[in-house]
Amino acid sequence: EREYADNLKKKEEGHQQTIGELEVALRKLKRGDQEIGRLNDVIDAKDREIAALHEEYRAKLAAAQDRYDDLMRVKVSLDEEIQRLRQFAEDVHTRHIRYLEKLQAKHQSEVESLHAVIAEKGRLISMLEEQLRNLEQEFMQAREDWDAREQALETEIAQRERRIESLIAEYELKLEGAQIRFQQLEMQYNDMKEQYERDVGP
C-alpha cells in the first residue's frame, strides 16, 4: 500500500507539473496574442504614416503643378508681350527710319532720342527673356528635387513594408511553435489523466 501511495503521489505530482506547464504555455500564448496586437497597432500606425506621406506628397506635387501652371501662364504672357514689343519696336523703327530719312538733317536730336527708346525696349526684352529662362531653370530644379524626394519616399516605404512583413512572419512562426507545444502538452495531459483514472478511478 505504501508503494501504491508513493506511485499515486508521483502521478499526482506529474499531473500538477503538467498543469503548471499548460498554464505557462497559456500565458505565453496570451503574451503572443498581445504582441500580435501590438504589432497590428504598429502596422496601422505605419499605414497611417505612409498615407500621410502620400497625402503630403500629393499636396506638394499639386502645389508644384499649380506653380508650374502659373509659370507657364506667365511664360505665355511674356512671350506674347515680347512678340508685341518686338513687333512694336520693328514698326516704330521702320516708321521712324522712314521719317528720319526725310528729316535727318533737321531733327538729329529727335533721331537720337528715338534710337535710345528703341535700345531701351530692346534691353527690356532681353531682361524679360533672361527672367523667363531663370524661371524655367527654377521650375526644372524644383521638379528634379520632387522626383528625388518621391523616389526616396518610395524606397523608405518599401523598406518599412518589408520589415513589417518580416516581423509578422517571425511572430507567426513563434505562435505556431507555441500552439504545437500547447497541443503536445494537452495530449500529454489527456494521456496522464486517462492513466490516472485507470489507476485510481474516475
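This is a predicted model: local features need pLDDT of at least 70, side-chain atom pairs count only at pLDDT 80 or more; totals for chains, interfaces and linings use all residues.
Here's a quick rundown of the salt bridges in this structure. Residues are numbered from 1 along each chain as its sequence is written, and side-chain values use heavy atoms, with hydrogens and water left out. There are 11 salt bridges here (a side-chain nitrogen of Lys or Arg within 4 Å of a carboxyl oxygen of Asp or Glu).

**Helix α1**

- R73 pairs with D70 in a salt bridge, with 2.1 Å between the closest N and O atoms.
- Both R73 and D70 sit in helix α1, residues 2–103, 3 residues apart or about one turn (helices are DSSP runs of H or I, at least four residues, numbered from the N terminus).
- R73 counts as exposed because its relative accessibility is 53%, while D70 is partly exposed at 32% (buried is under 20% relative accessible area, exposed over 50%, partly exposed in between, using a 1.4 Å probe and protein chains only).

**Helix α2**

- R160 and E156 form a salt bridge at 2.4 Å, N to O.
- R160 is partly exposed at 23%, and E156 is partly exposed at 28%.
- K174 and E170 make another salt bridge, 3.4 Å from N to O, and they also lie 4 residues apart in helix α2.
- E170 comes out as partly exposed, at 36% relative accessibility.

Terms used
Helices (H or I, at least four residues) and strands (E, at least two) are DSSP runs, numbered from the N terminus.
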